[in-house]
Amino acid sequence: MAFVHDEFSFMYKYALTYTPKEYDVFSMYVDKDQNSRYNTEQHVTDEIAKGYQDWSTLCYFVSVKGAQKLIELVDQYGMDQPVDWFIFRHGHAGRLNVYTWNPRVNPPVSINKDVRPQIIR
């Protein structure tokens with residue numbers, strides 16, 4: 001379950017304003033266990049970075065151009081992996097412009113690990 005923090009609206013507007021205009025996808029959440037994947041080549045601003053994570057589509061937004069690119073990538077490569085891997089790995093390969101928060105920023109959403117799953121297998 002997602003936990004939306006009080007500063008979510010402010011940070012969403014901030015991301016829309018300061019993310020490079022050529023963005024395709026912006027991930028509003030990066031788990032702290034992904035911070036070791038960050039390197040200075042991904043630095044855009046003190047708050048925003050090129051996507052460096054490998055998983056989690058807990059909360060993200062997509063530009064119209066990005067949605068079209070995603071459709072084209074599915075047509076070209078097929079959907080043979082989880083959605084988060086698909087997005088971030090195509091970003092790492094330079095086929096999508098994926099951005100997220102710099103590791104020094106606390107994301108405005110988090111995973112509430114205290115909630116029991118609603119689906120019982």
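Are Phe26 and Phe61 buried or exposed? Both are buried (under 20% relative accessible area; exposed is over 50%, partly exposed in between, with a 1.4 Å probe and protein chains only). Keep in mind that this is a predicted model, where local features need pLDDT of at least 70, side-chain atom pairs count only at pLDDT 80 or more, and totals for chains, interfaces and linings use all residues. Residues are numbered from 1 along each chain as its sequence is written, and side-chain values use heavy atoms, leaving out hydrogens and water.

**Overall fold**
- The protein chain has three helices and six strands (DSSP runs: H or I of at least four residues, E of at least two, numbered from the N terminus).
- From the N terminus, the order is β-α-β-β-β-α-α-β-β.
- Of the 121 residues, 39% count as buried.

**Aromatic rings**
- The whole structure holds nine aromatic pairs (Phe, Tyr and Trp rings, the six-membered one for Trp, with centres within 6.5 Å; planes under 30 degrees apart are stacked, over 60 edge-to-face, the rest tilted).
- Phe10 and Tyr14 make a tilted pair, 6.3 Å centre to centre with 40° between the planes.
- These two sit in helix H1 (residues 8-18), four residues apart, about one turn of the helix.
- Phe10 is exposed at 60% relative accessible area, while Tyr14 is partly exposed at 21%.
- Phe26 and Phe61 have ring centres 5.3 Å apart and planes at 15°, so that pair is stacked.
- Phe26 in strand E2 (residues 25-27) and Phe61 in strand E4 (residues 60-62) are 35 residues apart, so to speak linking distant parts of the chain.
- One aromatic cluster includes Phe10, Tyr14, Phe26, Phe61 and Trp101.
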